[in-house]
Amino acid sequence: MFQHDNEATSGLVLKNLTLAYDNATIVEGLDLSIPQRTFTVLLGRNGSGKSTVLKACVGLLRPKSGTVLLDDRPLSQFGARERARRIALLPQGPVAPEGLSVLDLVRQGRYPHRTLLARWSPLDDEACDEALELTRMADLRERPLENLSGGQRQRAWIAMALAQQTDILLLDEPTTFLDLAHQAEVMDLITTLVKHGKKTIVAVLHDINQAARHANHIVMFKAGKLVSQGAPNDVMRRETIRNVFDIDPEIIHDQKTNAKFILV
Amino acid sequence: MTPRYPAISLAALLVPALLLASLMLGDQHVDIAALLKGEATAEARIIVLDLRLPRALMALLAGMALGIAGTIAQAVMRNPLAEPGILGINAGAAFAGSIVIVGFTGLSVTVLPWAGFAGATMMAAAVFLLSWRKGTSSARIVLIGIGLGAFASAGTSVMIAFANISDVQRLMIWLAGSIYDANWDKIRLLLAWLIVPIALVCLFYRQIDLIRFGDDVAASLGQRVNLVRAGMILLCTAISGATVTVAGLIGFVGLIAPHLARRMVGPGHALLIPASALVGGLLLMAADLVGRTIIAPVQLPAGIVTALIGAPFLAYLLWGRRHVPA
């Protein structure tokens, strides 16, 4: 089970973070420690700042104030490639150039591991093979991305992020636009990666029940502020969800899985 | 052994064939075999060695440069319909040329290419600077490039309206893009200009591979996107600007060559860059040969021939992409 003492051992830590696009402040004064080797889900309504937080975690957005720390060192002190060897982000709805195969895409994941003149190495091959195996895309490696189903394409992108071989993986809405079976596949993959791959995974999800079922840690945002965080069963409270999502749900405690679900 | 990429291997074989045809065909048919045996007349030697050979090589070189510049533009702008002209290079060169011709009558024609280069570079710089807002975005560059390009074209039209007819004609011929006055000096000049930027493009092909994925993906993989984009635009400008300087404005090669090359070798830039160069070189060499033989003795500028081929090709591209969501 999830252990809270992991929080103390650094990893990704956000300190008094304020994020803004031009003059519009999106996130204000956020303090958050991402527990290591667990699956953290960020929840909140559209525009509550979840994706913005992920962007700041890989330096895509420079904080207006505050810091992102990676193992106690400010992220801004990391070189771009050095950072990309530690944290991978799969943005929401990424678009690949036309005509690429699955393998072409996955091989891009090796970018931060290669220097200008370095040749493609057996290590690179290994990383790609492993990523393809984990995502069960090995048989489809030669297929053009255009010919894949939505779920397969999403797995191909996750494989690219895995080939990056980072210990921290951030996923922005990895299940949006997927049918239920494909969503379940992605969730199982995440669970496997955390359990057996010892990865720290942070995902933005919209499905509260999906989060409750699979996450080890849930963080709820409302209008750029952290409202509640903790183990799923601790944050899945009627008042909290009413406050964060502006809905009035029924909370159901499922004895079999010991998970809480909401009925809207 | 069958080659892995048959189409591009065939294209590579076409280069010497087309070169040979360019040397033989024309007003005067020249027997190359006799020339090689040293049995040709002095006149035939001049025609081949001082006129046709530099001209064919110039077309090859300029076409290669345009193919590479187009490949970079399409990758960096993340737009299959992009070409170096989007950076305002052509419009800037035309505007500067028109200023020289109208504003400084009496100035030698040899200034024209240099004015063109200055105009091209300044336009590309203006497009880049105006689209900078804590970093650049491809969409902004395309929009501002189109806007400034239209502005410069309007300026050119105004200048032309005030020029005298013979100056305008001279300007138009240069604008149409022609390699009729190629000589060895120009080839050396172009080669000297191109060699460093093209070498850099080849060296950084992986950066070009990655930047196509969009800023977020590229940056999260550790690419310094703004730096790479600025660098690639600089290289693209240097390559196409140098080509404009010696060969005038030759449209569509930069658009078409990367597309044809992509069909031959796929989307990876390690192969796409040389393949685009090869296809671009072939296209322009063929266009020039057609331009000077099809209605001989009248010569059609190569730029007009490429436009005649290019416009329908553009329509074909748009037709083929009509189901691709924007």
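Reply: We begin with the domains, whose bounds come from an automatic or database domain assignment. For chain A this assignment gives domain 1 (1-86 + 167-237) and domain 2 (94-165). This is a predicted model, in which local features need pLDDT of at least 70 and side-chain atom pairs count only at pLDDT 80 or more, while totals for chains, interfaces and linings use all residues. Residues are numbered from 1 along each chain as its sequence is written, and chains are lettered from A and ligands numbered from 1 in the order in which they are written.

Me: How many residues of domain 1 of chain A are in contact with domain 2 of chain A?

Reply: Two residues are in contact if their C-beta atoms, placed from the backbone, lie within 7 Å. Eleven residues of domain 1 of chain A touch nine residues of domain 2 of chain A. On the domain 1 side, H2 and helix H6 (180-195) of chain A each supply at least two residues, and H6(A) gives the most, with four residues. Helices (H or I, at least four residues) and strands (E, at least two) are DSSP runs, numbered from the N terminus. The centres of the two domains, taken over C-alpha atoms, are separated by 23 Å.

Me: How many residues does the contact take from chain A and from chain B?

Reply: It takes 21 residues from chain A and 16 residues from chain B. On the chain A side, helix H2 (80-84), strand E6 (87-90) and helix H3 (102-108) each supply at least two residues; the largest share, four residues, comes from H2(A).

Me: Which residues have the most contacts inside the largest nonpolar core?

Reply: A nonpolar core is a set of buried Ala, Val, Leu, Ile, Met, Phe, Trp, Tyr and Cys residues joined through C-beta atoms within 7 Å. A residue is buried if 20 or more other C-beta atoms lie within 10 Å of its own. The largest such core has 174 residues, and A:Leu170, B:Ala62 and B:Ile72 have the most contacts inside it. Helix H3 (residues 42-76) of chain B gives the most to this core, with 16 residues. Leaving aside neighbours within four places in sequence, the contacts of B:Ala62 include B:Ile179, B:Leu190 and B:Leu284.

Me: At what angle do the axes of helices H12 and H13 of chain B cross?

Reply: Axes are lines fitted to C-alpha atoms, for helices over the stretch in contact, and angles run from 0 to 180 degrees between N-to-C directions. The axes of H12 (residues 253-265) and H13 (residues 269-293) of chain B come within 8 Å and cross at roughly 125°. Among the H12(B) residues that meet H13(B) are B:Ile256 and B:Leu260.

Technical notes:
A residue is buried if 20 or more other C-beta atoms lie within 10 Å of its own, exposed if 12 or fewer, and partly exposed in between; C-beta atoms are placed from the backbone.
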